Each structure stands twice: as structure tokens, then as C-alpha cells.
Amino acid sequence: MLGLEPLAGEISRARDGQVLPVADAADADRAAWVAVGLEHDAAAMGAMLRELRGQGYAVQGFVDRTTALAAAHQLKGAHLSVDLAHTQTLLAVVVSEGAAVQLQRTVRLPGGASRLVDAWLAPGCPHAGAADALRSAA
């Protein structure tokens, strides 16, 4: 099975859990599943679907990124994925039993990397002097 994961404007490709070199990416079998993270909403997945179909991929559907990674690496038991996005923290719990891998729970928490930086560089913190430098550089 061919798997795709859009990351930072690029598309990573894997077949049966093994990353494909760029030279092998243009193979004849273009039927693929797309791994997405919790940060992707329906509008983002729709845009991805249009782009991938425009590139000739026959997208079979979308699958949670954490679930796909646990299955590809044949991880057993329960696994927690933490994605620190800019404005939110995203958690996914996946359980692998036998050949079945299932997404059990997802959680979106307010505050992400930006809140972590603000807390780290807050007044009174030993690193507070760096806060002004970072804010003025932005």
C-alpha cells in the first residue's frame, strides 16, 4: 500500500511502512492513503485531496498519522502522541492489539508553542531578558 503525508509543502511517500526515495515516487500504482494529523480540519483535507488528485493520486481515504505510524512500525500496546502546534496542543492515544491498531481518543488543548514561549520568557523568569530580544526580532 502506498502512503502519503503532506509536510511543510512536500509530500512524503512510503510503501508498506518504508520511506520511498524520490526516484521511486513516480511508480505506476497511484492508489494511496493519506496520513494526517489532528491539526487538519475538513477544509484542509479537502484542499489536500484536490491537490493530490491533481497530481494523479487515487486517494483511498485519510488515516490518523499516529495510527499509521504505530501500524507501520508494528508497535504493540498503548501509545500517546503529543503535537505542540502554534496555538494548541494536540494529543492522540492509539492502542495496538494483535493486527488491529485503533485511534482511541483525541484531545485539543488551548495554548501551544506560543503559550509555552510566553511562559518560559515571562517577567521574573531567569530567561526574561531574552523575551524582549525575541519579541523585537519578530
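This report describes the fold, core and selected contacts of a predicted protein model.

## Basis of the model

Residues are numbered from 1 along each chain as its sequence is written, and side-chain values use heavy atoms, with hydrogens and water left out. The model is predicted: local features need pLDDT of at least 70, side-chain atom pairs count only at pLDDT 80 or more, and totals for chains, interfaces and linings use all residues.

## Overall architecture

The protein chain contains four helices and eight strands. Helices (H or I, at least four residues) and strands (E, at least two) are DSSP runs, numbered from the N terminus. Read from the N terminus, the order of elements is β-β-β-β-α-β-α-β-β-β-α-α.

Of the 138 residues in the protein chain, 27% are buried; buried denotes under 20% relative accessible area, exposed over 50%, and partly exposed in between (1.4 Å probe, protein chains only). The chain exposes about 8800 Å², of which carbon and sulfur atoms supply 59%. These areas come from the Shrake-Rupley method with a 1.4 Å probe, and for residues only the protein chains shown count as cover. Among contacts between residues at least 6 apart in sequence, 48% join residues at least 24 apart, a contact being heavy atoms within 4.5 Å.

## Nonpolar core

The largest nonpolar core comprises eleven residues: Leu2, Leu4, Ile11, Leu20, Ala32, Val34, Val36, Met48, Leu52, Tyr57 and Val59. Two or more of these residues come from each of β1 (2–7), β4 (31–36) and α1 (42–54), and β4 gives the most, with three residues. Such a core is a set of buried Ala, Val, Leu, Ile, Met, Phe, Trp, Tyr and Cys residues joined through side-chain atoms within 4.5 Å. In soluble globular proteins, nonpolar side chains tend to be buried together.

The structure holds one salt bridge, defined as a side-chain nitrogen of Lys or Arg within 4 Å of a carboxyl oxygen of Asp or Glu. The side chains of Arg65 and Glu39 form this pair, at 3.2 Å from N to O. Arg65 belongs to helix α2 (residues 65–72) and Glu39 to the loop between β4 and α1, so the pair ties together parts that are 26 residues apart in sequence. Arg65 is buried, with a relative accessible area of 17%, whereas Glu39 is partly exposed at 34%.

His40 lies in the loop between β4 and α1 and is buried, with a relative accessible area of 18%. The His40 side chain reaches the backbone nitrogen of Gly37 at 3.2 Å. This is a polar contact (a pair of N or O atoms within 3.5 Å; within protein, one must be able to donate a hydrogen and the other to accept it, and residues adjacent in sequence count only if both atoms are side-chain atoms). Not counting residues up to four places away in sequence, His40 touches Met45, Met48 and Arg65.

## Helix α2 and its ends

The buried residues of α2 are Arg65, Thr66, Thr67 and Ala70. Asp64 caps the N-terminal end of α2, with a side-chain oxygen 3.1 Å from the backbone nitrogen of Thr66. Gln74, which follows α2, has a positive phi near 50 degrees.

## The β6–β7 hairpin

Strands β6 (residues 77–84) and β7 (residues 88–97) run antiparallel and are joined by eight bridges; two strands pair if DSSP finds at least two bridges between them. The two strands form a hairpin with three residues between them. Gly77 stands opposite Ser96 in β7.
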